[in-house]
Amino acid sequence: MLCRDLAKAFGAVSALDGVSLAIQPNEFFTLLGPSGCGKTTLLRAIAGFTQPDRGTISVYGQVMNALPPHRRPVNTVFQSYAIFPHMTVAENIAFGLEMDRWPKRRIAPRVREMLALVQLHGLDDRRPAQLSGGQQQRVAAARALAKSPRVLLLDEPLSALDQKLRFGMQQELKRLQRETGITFIFVTHDQREALTMSDRVAVMRSGAVLQIGSPEDIYERPAVRFVADFIGETNFLAAEGCGGTQYRLLHGMVVEAAESGPAGRPVTLAIRPERVRIDPASALKAALKDVIYEGTDTIFRLALPGGESLAVRAQNRDGGLPRPAIGEILGVALPPGSLRVLTG
C-alpha cells in the first residue's frame, strides 16, 4: 500500500501535511503519535471516510481516491467496536457478508471459521451485552476479517480495555495478523503497544511523519528529539561538538558519543536511563536527588554539575542495589555506543 504526498486541512488546521509512506504486504504497520497528530485522519483517508485535499492512496497498485469506502479492499475496526447490540455474535460477523450478497450456504461456514479464528467457540448466540470488552473486540475483528480485506485498519481498538486485558488482546491481534497474512494498519498513542506489536512504526507529529522504522530502530536510533522523547524515557544533555565523536557537556567534561559531528556545533545528546550505569570509578559525578522503587527496576534521579537532570534505571537483582542516601555524590558512566546525537 502506498500513500503519496497526502494533505488534508480542516479550516486553518492542517491535519495531514504531505504524508508519504509505503506499507508492505502482510505487514503489521503502526501509526504512532500524540492526540491531534493526524494518525486517525490518515487512517480515515485510507478507508475512504475522509477525502484528502491532495495526494494519492494506492492499494496493490490500484488508486483508491475515487472509490467509496465499500468498494475499497480494506475494512476497519473502530475504537468503539461498532458491533450491533440487537444482533448475536454470529449475526454481527455475518452482517458484512450479507450486505455483499454472499449465498447463505457460504455464510454459515465462514462465520464458523471466523469464530474459530478469534477463539469464540460456543458464543455465537450471545449478544454483545453478554460479552466482556475483550470478547466484543474479537467480534469486531472477526466481522472485519470475514470479508477477507487486503488491508485491515484498526483505530485504537484496545483503548477501552483494562491493562491486563489490553496486553492479552495485543497478543491476539498479532496472532490474527500472522495467521491471516493480511496487512494490518494500527493506530495508537501508546508507545509500548506500538513497540511490542509492530513490524514497523511511523511516528507522527503535527500532520507529518517524522520517522519510520522497526521498533528497535525507533527506540535505539531516534532521528529527532521528539521521537526520542515520545518513545519511552530519555535523558537529554546539552553539549558542543569537539570534533569527531567527542562532545563537551555544560560543565566542561568531554564524553564520547555514537556519531561524529563538527567542532563547535551545539547538539543534544540522548541516552536511555537503562543505558546509564552507576559506576564509582567514573569521572562523571552527579548528586542523588530521588530514588523510585518500581519492583523490577529502581530509578535513580540525579543532578549533574551543570544542573541538568539524569535518570538511571537499574534492574533489581538479588534484592536490588544498595540504596545510597539522598544528596550522595555518585559516579555515573555514559557508554559511548548509547549516546545518540540529535540535532532536531
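**Labels and their cut-offs**

Mentor: A search of the whole structure finds 14 salt bridges. This is a predicted model, in which local features need pLDDT of at least 70 and side-chain atom pairs count only at pLDDT 80 or more, while totals for chains, interfaces and linings use all residues. Residues are numbered from 1 along each chain as its sequence is written, and side-chain values use heavy atoms, with hydrogens and water left out.

Trainee: What makes K147 and D100 a salt bridge?

Mentor: The term needs a side-chain nitrogen of Lys or Arg within 4 Å of a carboxyl oxygen of Asp or Glu. The closest N and O atoms of K147 and D100 are 3.2 Å apart. So the pair qualifies.

Trainee: Why is this pair said to tie parts together?

Mentor: K147 is in the loop between α4 and β7 (151-155), and D100 is in the loop between α2 and α3 (104-117). These parts are 47 residues apart in sequence, so the pair ties them together. Helices here are DSSP runs (H or I, at least four residues), strands are E runs of at least two, and both are numbered from the N terminus.

Trainee: Is R110 buried or exposed, and how do you know?

Mentor: Buried means under 20% relative accessible area, exposed means over 50%, and partly exposed is in between (1.4 Å probe, protein chains only). R110 has 11%, so it is buried. E113 has 44%, so it counts as partly exposed. The side chains of R110 and E113 meet in a salt bridge, 3.0 Å from N to O.

Trainee: What separates R110 and E113 along helix α3?

Mentor: They are 3 residues apart, so about one helical turn separates them.

Trainee: Why are α2 and α4 called roughly parallel?

Mentor: Helix α2 (residues 89-99) and helix α4 (residues 133-146) pack at an angle of about 30°, with their axes 8 Å apart. Angles under 35 degrees count as roughly parallel, over 145 as roughly antiparallel, 65 to 115 as roughly perpendicular and the rest as oblique. Therefore α2 and α4 are roughly parallel.

Trainee: Which residues make the contact?

Mentor: Contact means heavy atoms within 4.5 Å. From α2 come V89, N92, I93 and L97. From α4 come V139, A142, R143 and A146.

How values were computed
Axes are lines fitted to C-alpha atoms, for helices over the stretch in contact, and angles run from 0 to 180 degrees between N-to-C directions.
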